[in-house]
Structures are given as C-alpha cells and as structure tokens.
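Welcome, and please load the model in your viewer. We will go from stop to stop, with something to select at each one.

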Amino acid sequence: MTGNLNNQSAIMQATPRPWRRALLWLLFLGPFFFLSYGFANGWASQQPQVGSVVFGWEKWIPFLPWTIIPYWIIDALYGISLFICATKLELDTHALRLLTAQVIAVACFILFPLTFSFDRPATEGITGYLFVLLAGIDKPFNQAPSLHIALLIILWDRFARHVFPQWRWLVHATAFLIGISVLTTYQHHFIDIPTGLLLGWFCVWLWPDAGAAPFMRVSFTRDPRRWRLATYYVSGSMVLILLATLAGNAALWLLWPAVSLLFVASFYVLFGSEGFQKNTAGKLSLA
C-alpha cells in the first residue's frame, strides 16, 4: 500500500501542474460570474414585486460586522482553487462544478427571484468599507439557492483533498465561518442555505473525480423490477413534497429526503448502480 501511494505521489510530482489551463479557466469563469450574476440582479430589481421566504426566528440572528471578512475570503479561495489542481482532469472537473453551480443558481434567480427583507445596520471602518464594496456589485435579490454556499461546498471538497491531514481542521473551520457569514452579514435568509448545500453537492455528484459523469451513462432500464422500485421511491418523494407544502415551516426540511428519494429512483431507471458512486471498497461518494 505504501509503495502504491509513493508511486502515485511520484507520478503527480512528475506531471507539471496545468497552470496555463487554470488561468484560462479563471479568465472565463470570473467574467462569466460577474456578468451572469449581475444580469440576474438587474433583472430581479426591475420586477414589480419580489417576495421573501423568511422564518420568524430569523430575527434573532445577530448581525456580526466582522464576518464580512470570511464572507469575502471565498473570492480569493475561488481563484486559488483552480491553481491547486494537480492534473488537467482534476482541473476540468473542478471548473465544471463551479460553472454548473453558477448556471443553475442564476437560472433560479431569474425564474424564482427572492429578496432579503432585513435592514442591515450601518457599519464603519474596514468592515464598513467591505460592505460598501459588496453593495457595489451585489444586490439583495440573488437568494435561493445561495450561490455562496454552493460554491463553498465545491471549494471545501477541493481544498480538503489538497491539505495535509493535520491541517484539514483549518479548512473545515474556514468553511464553517464562511457558511455562517451569509446569515450574520445579513446577506441571506435561512432557506438559501439548505438549497445552496443541495446545489453544491449536486454539482460534486454530477462531475465526479473518478469515472465518467452520470449523464454520459444514461440508459432507460427494461427491468420491470427496477421500474417498480423506482415507483416506490417516487411515490415516497411525492408524499414528502405534499407534506412539506401543506405544513410549511420546519416541515420544509422534508424536501431534502424528497429530493434524495428522487435521486435513488433515477438510479434505478436511468443511471444504474453507478449513480451511487461507490468505490472499490463499497463506500459511497460524499456527495
């Protein structure tokens, strides 16, 4: 085992990092983000009425001005993440995850625009400057799913693979602070977080590090047993969606297992067992 790991490490060290390719991806993804995100913001701001999804308990969330710093840190991590990729395959996979998250989130912002409904207290000093800078490029309309959270999941997964185990706690702590900051800077309502998490993990699943993308292996099954099992999972999902819709509030959490059941149903009908992304040890992928 040690010999295999050493051989893999030697191969990665012998292979030059795709710096130029990473730069090209950055030169594409950066402008694409600001153009598409800005367009969605501008479009939503021109709508006659944009609603909000906010729980009553959210008014107790404290406004912590200093958390604007970890909120901004994700921009630097976004750019750096492209240059830590060791191979072209890893780089392309990571970049496609980022691109997919941006495309889906922006589509949601246009189709289902939401706005942040709390007034943000005035701030001064460096934090005040960072809030002013943020207001210049961001408006309170791009809410669910939180693109900030979706990108955070993708970046966290990438950085966690490239740090020594003893420093992994730092990656986790930084990701936690960035995740919390979307609430404590009064940038997002709570509903944006689980929807952002769902989007982020979907992108990680859609573009796996090992093996082909699931949509490249789509094939409708002819096995009636699989169709029967898929029907059970879809029925369960529909029940959960109905309960979440009727009850609302905390019952909205039922939408998460509802989506999970739909995924499993799609594995039985479309993607096969590869959809579970098990490795040779039989362990499921984190996504």
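Leaving aside neighbours within four places in sequence, which residues is Q102 in contact with? Select Q102 together with L29, F32, F33, Y78, L147 and L151: these are its contacts once those neighbours are set aside, where contact means heavy atoms within 4.5 Å. Before moving on, note that this is a predicted model, in which local features need pLDDT of at least 70 and side-chain atom pairs count only at pLDDT 80 or more, while totals for chains, interfaces and linings use all residues. Residues are numbered from 1 along each chain as its sequence is written, and side-chain values use heavy atoms, with hydrogens and water left out.

**Stop 1: around Q102**

Q102 sits in helix α4, residues 88–111. Helices here are DSSP runs of H or I with at least four residues, strands are E runs of at least two, and both are numbered from the N terminus. With 1% relative accessibility, Q102 counts as buried; the classes are buried under 20% relative accessible area, exposed over 50% and partly exposed in between, using a 1.4 Å probe and protein chains only. Q102 and P165 are 63 residues apart in sequence, and their C-alpha atoms lie 30 Å apart in space.

**Stop 2: the whole chain**

Zoom out and colour by secondary structure. The protein chain has ten helices and zero strands, so along the sequence the pattern reads α-α-α-α-α-α-α-α-α-α. Taken along the principal axes, the C-alpha atoms fill a box of roughly 55 × 50 × 35 Å.

Switch to a surface view next. The protein chain exposes about 16300 Å², and carbon and sulfur atoms supply 70% of it; such areas come from the Shrake-Rupley method with a 1.4 Å probe, and for residues only the protein chains shown count as cover. Of the 287 residues, 42% count as buried. Among contacts with a separation of 6 or more, 84% are between residues 24 or more positions apart.

For the charges, the mean positions of the 18 positive and 12 negative ones are 12 Å apart. Lys and Arg count as positive and Asp and Glu as negative, with His and the chain ends not counted; each charge is placed at NZ of Lys, CZ of Arg, CG of Asp or CD of Glu.

**Stop 3: F63 and Y186**

Select F63, in the loop between α2 (19–45) and α3 (68–83). F63 is buried, at 14% relative accessible area. Beyond neighbours within four places in sequence, its contacts are R120, P121, T123, F131, T184, T185 and Y186.

Move to Y186, in the loop between α7 (168–184) and α8. Y186 counts as buried at 12% relative accessibility. Check its backbone as well: phi of Y186 is near 60°, a positive value in a residue other than glycine.

**Stop 4: aromatic pairs**

How many aromatic pairs does the structure hold? There are 19. Rings of Phe, Tyr and Trp (its six-membered ring) pair if their centres lie within 6.5 Å; planes under 30 degrees apart count as stacked, over 60 as edge-to-face and the rest as tilted.

Select F202 and W205: the ring centres are 6.0 Å apart and the planes are at 35°, so this pair is tilted. Both residues lie in helix α8 (residues 192–206), three residues apart, about one turn of the helix. F202 is partly exposed at 25%, whereas W205 is buried at 6%.

Then take F267 and F271, an edge-to-face pair with 6.3 Å centre to centre and 70° between the planes. F267 and F271 are four residues apart in helix α10 (residues 255–271), about one turn, and both are buried. To end the tour, show F202, W205, F263, F267, F271 and F276 together: they form one aromatic cluster.
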